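Keep the structure open as you read.

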2 protein chains.
Amino acid sequence: MLTSASHAEAPNAWTVRRTTAPRPLGHALDDCFSLAPVRQLKAKEPLFAEGDTKSNIYRIESGAVLIYKILNDGFRQIVSFAFPGDYVGLEMSPLYTYDAQTIAPTRIRALPSVALWRRAREDAAIAGEIFETLSREISDARRHFLTIGRLSATGRIATFLIALAHRNERKSLDAVDIQLPVRRSDIADFLCLSVETVSRSLTELKTAHIISLRGWRQIKLIDRDALERLAAGETMLDQGCHLKRAA
Amino acid sequence: MLTSASHAEAPNAWTVRRTTAPRPLGHALDDCFSLAPVRQLKAKEPLFAEGDTKSNIYRIESGAVLIYKILNDGFRQIVSFAFPGDYVGLEMSPLYTYDAQTIAPTRIRALPSVALWRRAREDAAIAGEIFETLSREISDARRHFLTIGRLSATGRIATFLIALAHRNERKSLDAVDIQLPVRRSDIADFLCLSVETVSRSLTELKTAHIISLRGWRQIKLIDRDALERLAAGETMLDQGCHLKRAA
DNA sequence: CGAAGGATTGACATTTGTCAAGTAGAGTGG
DNA sequence: CCACTCTACTTGACAAATGTCAATCCTTCG
């Protein structure tokens, strides 16, 4: 949800030829990477920069990576967060089109892009999984721009929190008590908001007893339905909104 | 620029790998479609709806198609415009994820999606071109969300006009006197603005003598540099802005 | 325990959306 | 060719949302 991912289970044309097997879940792409060497990075280390020749395609093993772009006016736009299992740089281009930097100690596997393309040409299963991953990236990107373009600050935050919850569910982690992997300013740069607005929206959700905060990185989703509604475009006023401003 | 496309030479990373050969432009994908039957549609006819089973992938021969989504709150979000040469529905998914409707009399070719995927499995050249097209869609989608998220109304309009100019250049049409293919409300729904704001921004550009308007659908780009700067994030005040409000 | 970075809050400016007129183009029938 | 009409567009006044700047308050970590 947050980035191009390997979480792979869209039923589609490519999997058709595998329908006989109970889990047409593709591991072919993953397998390519399991042979690749692991690289260990510290926090805040660059992985590559915009304009670099794209030599490798990466898969995150542990940690977290920020994919972003520095705009002319100096602002930073985060395009996606990459977490364990996610691929980075899969889209086909001769150069990296973004900057990438770790935000925590991170282990990655690097596979030379030419090697991957060669294998994709030879093995239709791999090509198919790349199609799937790219298709998912397209729909993620489009969903994200709906989020940015149409939702209020609070709606965007709600969307973000729901996405984190989903991610935790997929990984069998706690989807209620969520450990924020990023700082406020990262959220802001991802959702095209100012840090202040992110902060205000979180406070608003807290005041409405939809979430609760423990420290800066621990968030508890109390009323997930309300979050879903906000993410769907309802406003705080639409809802029966218990306590408009009780405080 | 405006949609997933076959028009293959946006000034970006993609052009680099083609610098050696003058036109290594792939026609394999196009060839697939040239055998497909043509369908004739009137203006305002639906091509498919969100949730329909994806039976066909389309290529526009003439006319124009709107790809959009109706949101919960009734708003319409236009995801892209598809013009002659563009593909529609290429991304891999078992269902259409958007609505599509013609905005003018349109001729399209329809290719069964299973047929295309089969050919892609057999022919690496076709698979490669699909990769490229999808990759371009990803970068278009991301560029678009930068536009939506970071630019003022005027900046977004400028971006849109520049994109139209590029499109016309690619097709050897007039890139200065531009015939708008869409209405204000389509621009608004594409750029996540209200119709009124679109109108005001156009008026502002006209007043600054950056564009001129002849009727509703004819736009002349007078100061393209200024447009480029606005699209890059500069504000009207940043520039030496001849005539702040001379009127 | 103190320092430094990160987060929150408040006051205010700016931008954009909304609602309500009003105007201009395009098409139609006389 | 003109009047009529419908739709698309423009403009204005105002409200709401968000960004900006500045001050202050937490947390974390050394």
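The paragraphs below go from the fold to the interface and then to the salt bridges.

This is a predicted model, in which local features need pLDDT of at least 70, side-chain atom pairs count only at pLDDT 80 or more, and totals for chains, interfaces and linings use all residues. Residues are numbered from 1 along each chain as its sequence is written, chains are lettered from A and ligands numbered from 1 in the order in which they are written, and side-chain values use heavy atoms, with hydrogens and water left out.

Start with chain A. It has 8 helices and 11 strands. These are DSSP runs, numbered from the N terminus: H or I of at least four residues for helices, E of at least two for strands. Of its 247 residues, 53% count as buried. Buried means under 20% relative accessible area, exposed means over 50%, and partly exposed lies in between (1.4 Å probe, protein chains only). Contacts are heavy atoms within 4.5 Å. Among the contacts in chain A with a separation of 6 or more, 74% join residues 24 or more positions apart. The accessible surface of chain A is about 11100 Å², with 54% of it on carbon and sulfur atoms. That area comes from the Shrake-Rupley method with a 1.4 Å probe; for residues, only the protein chains shown count as cover.

Now bring in chain B.

How much area do chain A and chain B bury between them? The value is about 4000 Å², 71% of it on carbon and sulfur atoms. Buried area here is the accessible area (1.4 Å probe) that two parts lose on being put together, summed over both. On the chain A side, R142(A), F145(A) and R150(A) lose the most area to chain B, together 20% of what that side buries. The contact takes 44 residues from chain A and 41 from chain B.

Polar links also cross this interface. There are 12 residue pairs in polar contact, both residues at pLDDT 80 or more. A polar contact is a pair of N or O atoms within 3.5 Å; within protein, one must be able to donate a hydrogen and the other to accept it, and residues adjacent in sequence count only if both atoms are side-chain atoms. The elements giving two or more residues to the chain A side include β5 (76-82) and α4 (124-150). The largest share, 18 residues, comes from α4(A).

Salt bridges come next: a side-chain nitrogen of Lys or Arg within 4 Å of a carboxyl oxygen of Asp or Glu. Between chain A and chain B there are 2. One joins R142(A) to E137(B), at 3.0 Å, N to O.

Over all chains the count is 26. R59(A) pairs with D30(A) at 2.7 Å, N to O. This pair links strand β3 to helix α2, 29 residues apart. R59(A) is buried, at 10% relative accessible area. D30(A) and R59(A) also belong to a salt-bridge network with E61(A) and R109(A).

Within α4 of chain A, D140(A) and R143(A) lie 3 residues apart, about one turn of the helix. Their closest N and O atoms are 2.7 Å apart in a salt bridge. D140(A) is buried at 9%, whereas R143(A) is partly exposed at 40%.
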